[in-house]
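Subject: Structure handover

Hello,

Here is the structure for you to look over. My notes follow below it.

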Amino acid sequence: MILFSRHALEKMDALGIDKEEINSVITKGMKWKEKNTEKWHARRFGIEAVFLKNNSDIFIITVYLEG
């Protein structure tokens, strides 16, 4: 299940990004983990998402456009 923080939802609304796009970024994009934290990043289509993984759940912290 993908859950969204209030901040992520506000950023998505401001940038015109919908949940389906974020789902695609998370499932099909290039992913990497930050050193010394539990934060993951995924990038696709010029969109980057920062998230946490907990078993099968994914919690989106924030999203932004590349660059």
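Accessible areas come from the Shrake-Rupley method with a 1.4 Å probe; for residues, only the protein chains shown count as cover. On that basis, the accessible surface of the chain is about 4500 Å². Carbon and sulfur atoms hold 52% of that surface.

Two notes on the source. This is a predicted model, in which local features need pLDDT of at least 70 and side-chain atom pairs count only at pLDDT 80 or more, while totals for chains, interfaces and linings use all residues. Residues are numbered from 1 along each chain as its sequence is written, and side-chain values use heavy atoms, with hydrogens and water left out.

Overall build

The chain has 2 helices and 5 strands. Both are DSSP runs, numbered from the N terminus: helices are H or I with at least four residues, strands are E with at least two. Along the sequence the pattern is β-α-α-β-β-β-β.

The C-alpha trace spans about 30 × 25 × 20 Å along its principal axes. A compact globule of 67 residues would have a radius of gyration near 11 Å, and the chain agrees, with 11 Å. (That radius is taken over C-alpha atoms; the globule rule is 2.2 Å times the number of residues to the power 0.38.) Of the 67 residues, 31% count as buried. Buried means under 20% relative accessible area, exposed over 50%, partly exposed in between (1.4 Å probe, protein chains only).

The 5 strands form an open, mixed sheet in the order 1-5-4-3-2. Strands pair if DSSP finds at least two bridges between them. Strand 1 (2-4) and strand 2 (30-33) are the edges, each pairing on one side only. Neighbouring strands are turned by 30° on average, direction ignored. Axes here are lines fitted to C-alpha atoms, for helices over the stretch in contact; angles run from 0 to 180 degrees between N-to-C directions.

Strand 1 runs parallel to strand 5 (residues 57-65), joined by 3 bridges. Ile-2 has Ile-58 as its bridge partner in strand 5. Helix 1 (residues 6-15) packs on the sheet and touches strand 1 and strand 5. Contact means heavy atoms within 4.5 Å. The helix 1 direction makes about 40° with that of strand 5.

Two loop residues

Most residues other than glycine have a negative phi. Phe-45 has a positive phi, near 55°. Phe-45 lies in the loop between strand 3 (39-44) and strand 4 (47-54), and is exposed at 62% relative accessible area. Asn-55 also has a positive phi, about 55°. Asn-55 sits in the loop between strand 4 and strand 5, exposed at 78%.

Best wishes
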